[in-house]
Protein chains: 2
Amino acid sequence: MTRVRLDLFLSLDGYAATAEPTPDSPMGKDWERLTAAYAATRTFRELVFGDTSGAGTTGIDDRYARASFEGIGSEIMGAAMFGLHSFPDDPDWKGWWGDRPPFHTPVYVLTHTAPRPSIPMEGGTTFHFRNAASKEVLAEAGEAAGGNDVRVGGGIGTARDFLLAGLVDQLHVMIAPIILGRGTRLWDDLDGLELTHTVTSEVAESGTIHVNFTR
Amino acid sequence: MTRVRLDLFLSLDGYAATAEPTPDSPMGKDWERLTAAYAATRTFRELVFGDTSGAGTTGIDDRYARASFEGIGSEIMGAAMFGLHSFPDDPDWKGWWGDRPPFHTPVYVLTHTAPRPSIPMEGGTTFHFRNAASKEVLAEAGEAAGGNDVRVGGGIGTARDFLLAGLVDQLHVMIAPIILGRGTRLWDDLDGLELTHTVTSEVAESGTIHVNFTR
């Protein structure tokens, strides 16, 4: 059965980073602090940066990083996550994920702008652009997943849309033990999520608190 | 060295319960949900309810409960935590902690009302009422602690006053894995607390996430 999965980075005070991406600092300083433990994992270094030297952490953070890439058949992300707004006038801009994005599946980019042609990339990723309701795009992504899972890749606005619509089967939150004091609040209007999902938590060697909501 | 310690109950979305106490339901429904795992511990049942049968949980939650009672020489709490507002016109009202409160130390109750006489209770607890700044009361409580620690007993408003003033050496937060969606937000204006304190976390058998800020 195709499940909808979501992995998020959060501060202890419940904030996700929301800085607009640029090619230099894709998500800003807060994002770097929230994702430091994840970016240090062997899986991230290998699958996102192509570092096959075996460097990187191999503990609990890495186990979750590994799992987040497994069994994914398609992906949905917001326009900012793709980088659509960074160079709005450049028709050749292919997002900030590089020539060989780490998805290797169809990726559905949600956008309110005019339709644009799909972009096939190296390694099996194809970016499709959809101006449609979350549920409709999810139906298409589910079909494309071919029995594997659909990953909602963020950003936080897209993630919250899917959560508030009750569309997420597995939410994995990586809570960095820092008080950020700013950003977008994840949990607003999600009270009672523990009534529809089972919650388990685990603390990694890095201090990251992994919280899982599963139904 | 006398340290200032603080134990708090929090929801995953960062809310502490704030219901006004009444003799029947001292802190309200949300409070019951936030404190369920703690109230189930053997230590709580023994030290607060006087249940010496040995019933109650004995895992990680109990270890923290036990530690929170150890080495305390005096306590500071807000007026609501004592129950000062419940029967403002009854000069014989001694708070809702029972004839034998579980403190067994001097307890300094912060109040903006007129001074009232101290109340000695069974078991070594004496309630003192102080209309003074946090720092002044802390100095007196520290003196009274005789080399042991001072515990700030809450409620959340008093706790935040001490945290914002930088007076807390050890903050222990018991995070229930529930999204409450209402209450008083603990973390506001405390960003960067991880820079002055070391953070460690641990997940109990109950699912409670214990987060410790220590300096």
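Predicted model: local features only at pLDDT ≥ 70, side-chain atom pairs only at ≥ 80, totals over all residues.
Colleague: What is the radius of gyration of chain A?

Modeller: The radius is taken over C-alpha atoms, and the globule rule is 2.2 Å times the number of residues to the power 0.38. For 215 residues that rule gives 17 Å, and chain A comes close to it, so chain A is as compact as a globular protein of that length. Along the principal axes, its C-alpha atoms fill a box of roughly 45 × 40 × 35 Å. The radius of gyration of chain A is 17 Å.

Colleague: What percentage of the residues of chain A count as buried?

Modeller: Buried means under 20% relative accessible area, exposed over 50%, and partly exposed in between (1.4 Å probe, protein chains only). Of the 215 residues in chain A, the buried part is 51%.

Colleague: Which residues of chain A lose the most area to chain B?

Modeller: Buried area is the accessible area (1.4 Å probe) that two parts lose on being put together, summed over both. Chains A and B bury about 1,800 Å² between them, with 65% of it on carbon and sulfur atoms. Three residues together make up 31% of what the chain A side buries, and those that lose the most are A:Leu12, A:Ile179 and A:Trp187.

Colleague: Is A:Gly54 buried or partly exposed?

Modeller: You will find A:Gly54 in the loop between α2 (42-47) and α3 (60-69) of chain A. Its C-alpha atom is separated by 9.8 Å from that of A:Thr41, 13 residues apart along the chain. With a relative accessibility of 37%, A:Gly54 counts as partly exposed.

Colleague: Which residue just after α3(B) takes a positive phi?

Modeller: Helix α3 of chain B (residues 60-69) has seven of its ten residues buried, so it is largely enclosed by the rest of the structure. Among those buried are B:Ile60, B:Tyr64 and B:Phe69. Just after this helix, a positive phi of about 75 degrees is taken by B:Gly71.

Methods: Residues numbered from 1 in each chain as written. Chains lettered and ligands numbered in written order. Heavy atoms only, no water. Helix = DSSP H or I, 4+ residues; strand = E, 2+ residues; numbered from the N terminus.
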